[in-house]
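Here is a short report on one protein chain. Look through the sequence and the model first, then read on.

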Amino acid sequence: MLVEKKERVILGVDPGTAIMGYGVILEKGSKMELLSLGVIRLDHLDDHFLKLQRIFEKTIGLIDNYKPDALAIEAPFYGKNVQVMLKLGRAQGVTMAAALSRNIAVTEYAPRKIKQSITGKGTASKEQVAAMLQRLLNFNETPEFLDATDGLAVAVCHSFQKISTSGKSKTYSGWEAFVSDNKKRVK
């Protein structure tokens, strides 16, 4: 029988070659606590391979510092510029490699899925996602870059995806039904 841990730390990453956002949460049962959020600035570096090296090193640093049980990462969005897609894919791959080198499970989420899980709307703006996260995790600080809350959103999205092993999972017909059944979880 599979035994679930009572607590787990989730590192969420919004990969980027100019600015990489991250968020770290501690999940205790059905509650979440913000441990950290921030950005890793890479826009001052000209060499793409040096950026990839820094992404790897900084991700390893976050992993060694917070000891996450899981890494959740945002999948690159599909754009028209192939070079941008290639660079983002490399940044994502290096981040995944850092986690895998420490035997940490990696899960990838589409941007639309992340927004949907946080706000209930897959087309929500970065500002709407940040505002909802502030309410969910009870913090007032506004990060300098929305990339930080984007990284945090990936971690929270991963937390919301828990699959019940008790067989007592409940489905909801909409946000209002969820809120009425979970008044203690929503402020």
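## Terms and model

A residue is buried under 20% relative accessible area, exposed over 50%, and partly exposed in between (1.4 Å probe, protein chains only). By that rule, both glutamate 27 and arginine 8 are buried. We return to this pair below.

This is a predicted model, in which local features need pLDDT of at least 70, side-chain atom pairs count only at pLDDT 80 or more, and totals for chains, interfaces and linings use all residues. Residues are numbered from 1 along each chain as its sequence is written, and side-chain values use heavy atoms, with hydrogens and water left out.

## Overall layout

The chain has six helices and five strands. Both are DSSP runs, numbered from the N terminus: helices are H or I with at least four residues, strands are E with at least two. Along the sequence the order is β-β-β-α-β-α-β-α-α-α-α.

The chain has 187 residues, and 43% of them count as buried. Take the contacts between residues at least 6 apart in sequence: 61% of these join residues at least 24 apart. Contact here means heavy atoms within 4.5 Å.

## Confidence

The predictor gives each residue a confidence value, pLDDT, from 0 to 100. Its mean over the chain is 87, and 88% of the residues reach 70 or more. Confidence is highest in α1, at 97, and lowest in helix α6 (residues 175-181), at a mean of 71. Over residues 163-169 the pLDDT is below 50, and this stretch has four contacts in the model beyond near neighbours in sequence. Where pLDDT is low, the predicted coordinates should not be read in detail.

## Salt bridges

A salt bridge is a side-chain nitrogen of Lys or Arg within 4 Å of a carboxyl oxygen of Asp or Glu. The count comes to six salt bridges. One of them joins glutamate 27 to arginine 8, with the closest N and O atoms 2.6 Å apart. Glutamate 27 lies in strand β2 (residues 19-28) and arginine 8 in strand β1 (residues 7-14), so the pair ties together parts that are 19 residues apart in sequence. Both partners are buried.

Glutamate 33 pairs with lysine 28 in another salt bridge, where the closest N and O atoms are 3.6 Å apart. Glutamate 33 is partly exposed, with a relative accessible area of 36%. Lysine 28 is partly exposed too, at 40%.

Aspartate 64 and arginine 102 also meet through their side chains in a salt bridge, at 2.9 Å from N to O. This pair links distant parts of the chain, 38 residues apart: aspartate 64 is in helix α1 (residues 48-66), and arginine 102 is in the loop between α2 (82-101) and β5 (105-109). Aspartate 64 is partly exposed at 34% relative accessibility. Arginine 102 is partly exposed, with a relative accessible area of 38%.

## Where α1 meets α2

Two packed helices are described by the angle between their axes and the distance between the axes. What are these values for α1 and α2? The axes come within 9 Å and cross at roughly 35°. Axes are lines fitted to C-alpha atoms, for helices over the stretch in contact, and angles run from 0 to 180 degrees between N-to-C directions.

α1 passes α2 in a right-handed crossing. A crossing is right-handed if the near helix is turned clockwise from the far one by less than a right angle, and left-handed if anticlockwise. Residues making the contact include Phe49, Leu52, Ile55 and Phe56 of α1, and Ala91, Val94, Ala97 and Ala98 of α2. By class, the contact has 11 nonpolar, four polar and two charged residues. Ala, Val, Leu, Ile, Met, Phe, Trp, Tyr, Cys and Pro count as nonpolar, Asp, Glu, Lys and Arg as charged, and the others, Gly among them, as polar.

Leucine 88 is in helix α2. At 15% relative accessibility, leucine 88 is buried. Leaving aside neighbours within four places in sequence, leucine 88 is in contact with Pro15, Gly16, Pro76 and Phe77. Leucine 88 and glycine 16 are 72 residues apart along the chain, yet their C-alpha atoms are separated by 5.9 Å.

Glycine 93 is also found in helix α2. Glycine 93 is partly exposed, at 34%. Aspartate 150 sits in helix α5 (residues 146-160). At 8% relative accessibility, aspartate 150 is buried. Its contacts, neighbours within four places in sequence aside, are with Asp14 and Lys126.
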